[in-house]
Structures are given as structure tokens and as C-alpha cells.
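Me: I would like to learn how to read helix packing and ligand contacts from a model. Could you take me through them step by step?

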Amino acid sequence: MKYYLAPMQSLTGFVFRHAYNKHFHNIDKYFTPFLADRRLNNKDKNEVLPKHNKGMHVIPQIMANDVEVFLEIVQQLEQYGYKEVNLNLGCPSGTVVPKKRGAGLLADLDMLDRFLEGIYDKSPLPISIKTRIGMKSPTEWEDIQTIYQKYPIKELIIHPRLQQDQYKNHPNLKVFEEALNSLTYPICYNGDLHSAEQLNHFTGQFPQVEMVMLGRGILKNPGLIGETKGKAPVTKEILLAFHNDVLEGYKAHIPGDINVLYKMKEWWCYLGESYKGSNSAKKLIKKIMKSKALTEYHALARQIIIEEKFQSR
Ligand SMILES: Cc1cc2nc3c(=O)[nH]c(=O)nc-3n(C[C@H](O)[C@H](O)[C@H](O)COP(=O)(O)O)c2cc1C
């Protein structure tokens, strides 16, 4: 099985993946959160700079619906040495969908077809796609799939939810299976594999799937892949060292303690789920969320990691 780290805006950027790779080193491909500006801005450049991504196989993700914009971003990425890009056709957010970007492009299949024709015709780099299965109904998938079949998609990552699901309901495994049976591209599965049990259950159900992409599961339990391979859960020492590297990385690259604090709290929205076993842990998480200074935050995070029981299952 190959494991990919999911692109997650503001969570799995270069600081997080650098620290993750240092301590766990078990991801086959890292995907950047989406880049959308025609000219890469400073934040985007930091994300893709080779010196921030050493020793990792990183695929930059692009969100666009205009051929020229897409190609302009690809050209800049090519100059950094990238050999493949990924197209975002899955973002369900209310700010992008009405503009027919992300999953929103699945609402206009003529436009999707023209866009794919343009980029697959002219892109100097191979393009993989990360997609949802439709906007409002799983019956939309058949037409979407027919369009995908026309293009040389390097790899198709399927998050089998609808745009309107956002992150609610369950991934539609029936549609995923249909895609698996009818498409000849390498297919990667993504969605709701948040524990070793769920991952092992999935591989039992779909033994032919060779790639899975993991997002929230790794944020919640950085030792998830190890556990799936039968290794012991992540130790407090490794978790603390990993946490401290993420914190130091943000401090070095993000101006303003408040912004660093905000990023760390965002991660704790997921990591905190592994500390729900006791009242003392719950209280500490509340304190973390209310903390106003980095020193206060760091002491609380250290306390919870060292003193509380990490429950990955
Ligand atoms: C906060 C957040 C940010 C995300 N940002 C992106 C993104 O930039 N690009 C993308 O393709 N998917 C994005 N996703 C979707 C994830 O990559 C993934 O498809 C989703 O979380 C389901 O996988 P999981 O259950 O393993 O987390 C985001 C999801 C969340 C919750």
C-alpha cells in the first residue's frame, strides 16, 4: 500500500509535512494545499520552494477553471523542478463552488470538458486529479467519469462524497467501486480512514486499491500509518518532538505569535480527538483553545502530551 498525505489548507503545509517526514517518514506522496493565484504569491512560493521540501515527493495542487491560469501556474512550478501537478476538483467550499472552481466545476460538465481538453493538450507536466463524485446526486458520476475517460489522467484520487455533503454523511463506496471497475488509471481512495481499524477494513474490502490518501486521520493520530502496519502506537516522546518541530517551524515562518497560536489550535481541533478519554484531558484541551500566549500554549500542550493518555482507538 502507498500512503499519501492529503492537501489541507492551513494544516498540511510545508512546515507540517517537513516535521512529519522527519519523525515518521512513511508518506509516498505529499500534496500541497491548493495554489490558485496566477502568479504564485509569497505564501505559495514558500509552499513549493525546493529547500522547504527536501527529501519528500511533493505534488503541488492547483485550483483553477481557466486554461491560461492553470498553465501559467504549471510553468512556474516547472521552474522549481516539479514533474507532476494535481488538479483540485473536490473543494466543496461556498466561496469557490459558485465560481465553478474546485468541486464547483462538476456542476458544468461542458466547461469541465473544455478545461480538461485545454490543460491536457498544453500542459508540459502530467496532471493527476483529486475529485468528488458530483454536486447533488451520485447519479452524476457516470457523466463525470465519461469525461475523465477522454484524458490521460496521471492518477485519479477519489473522495467519494458529493459537494453538498461537505464532510458530512459517508463516502459512497458503491460509486467508488464503480469507478474502480471502469477506469484504467491508477486510482487512489480518500475519505474517512481515520483509524487503523478503518484502514484495515478498507483494504480488506478493496484489496486491489494500492494507494490511499489520509488527511484528518493523520492530524488526529500521527502514528496512524505505523499502527496500520502493526507497529506500536506513537510514543509520547516522538509526539512531543514532532509537535515541537511543527511549533518551531511555524514560529520561524509565520509572523506574529497570534497567527502561530491560531495554526496550532487548528491542529488541536483534530489532535484533541485522541485525548477525549479523561476529564483532565478535556479540561486541558479547553485551556489550549483559550490560550492567548505561545508560552502558555506550549506549557499546556507539553502537559497534555506527557501526562495524558493518547487514545488512537
Ligand atoms: C480544513 C480542510 C482543508 C482542506 N484543504 C484541501 C485542499 O487544499 N485541497 C484539497 O484537495 N482538499 C482539501 N481538503 C480535503 C482533504 O484533502 C480530504 O479530501 C478530506 O479531509 C477527506 O479525507 P480525510 O477523511 O482523510 O480527512 C481539506 C479538508 C479540510 C477539512
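The dialogue below takes up pairs of packed helices and then the surroundings of the ligand.

Reply: Please keep in mind throughout that this is a predicted model.

Me: Which two quantities describe a pair of packed helices?

Reply: Two packed helices are described by the angle between their axes and the distance between the axes. In this structure, helix α10, spanning residues 236-253, packs against helix α13, residues 294-307, at an angle of about 160 degrees, and their axes are 9 Å apart. Because angles over 145 degrees count as roughly antiparallel, α10 is roughly antiparallel to α13. As for handedness, α10 passes α13 in a right-handed crossing.

Me: Which residues of α10 and α13 meet, and how do they divide by class?

Reply: On the α10 side the residues are K236, L239, L240, H243, N244, L247 and K251, and they meet L294, Y297, H298, A301, R302, I305, I306 and E307 of α13. The residues of this contact of α10 with α13 comprise 8 nonpolar, 3 polar and 4 charged.

Me: At what angle do α10 and α11 pack, and what is the hand of their crossing?

Reply: The angle between α10 and α11 is about 145 degrees, with the axes 9 Å apart, and α10 passes α11 in a right-handed crossing. From α10 the contact draws on F242, H243, V246, L247, Y250 and K251, while α11 supplies V260, K263, M264, W267 and W268. By class, the contact of α10 with α11 consists of 8 nonpolar, 1 polar and 2 charged residues.

Me: How are α11 and α12 arranged, and is their crossing left-handed or right-handed?

Reply: Helix α11 (residues 257-271) and helix α12 (residues 279-290) pack at an angle of about 155 degrees, their axes being 9 Å apart, and the two are therefore roughly antiparallel to each other. Their crossing is left-handed. The contact is formed by K265, W268 and C269 of α11 together with I288, M289 and K290 of α12, a set that holds 4 nonpolar, no polar and 2 charged residues.

Me: Turning to the ligand, how many residues surround it, and which are the closest?

Reply: The ligand is surrounded by 20 residues, of which the closest are P7, Q61, N190, D192 and H194. A polar backbone atom of D192 is 2.7 Å from an oxygen atom of the ligand, and a polar backbone atom of G215 is 2.9 Å from an oxygen atom of the ligand. For Y167, a polar side-chain atom lies 3.5 Å from a nitrogen atom of the ligand.

Key
Residues numbered from 1 in each chain as written. Predicted model: local features only at pLDDT ≥ 70, side-chain atom pairs only at ≥ 80, totals over all residues. Heavy atoms only, no water. Axes fitted to C-alpha atoms, helices over the stretch in contact; angles between N-to-C directions. Helix = DSSP H or I, 4+ residues; strand = E, 2+ residues; numbered from the N terminus. Parallel < 35°, antiparallel > 145°, perpendicular 65-115°, else oblique. Left-handed = near helix turned anticlockwise from the far one by under 90°. Contact = heavy atoms within 4.5 Å. Nonpolar A, V, L, I, M, F, W, Y, C, P; charged D, E, K, R; others polar. Near = heavy atom within 4 Å. Polar contact = N/O pair within 3.5 Å; in protein donor to acceptor, adjacent residues only side chain to side chain.
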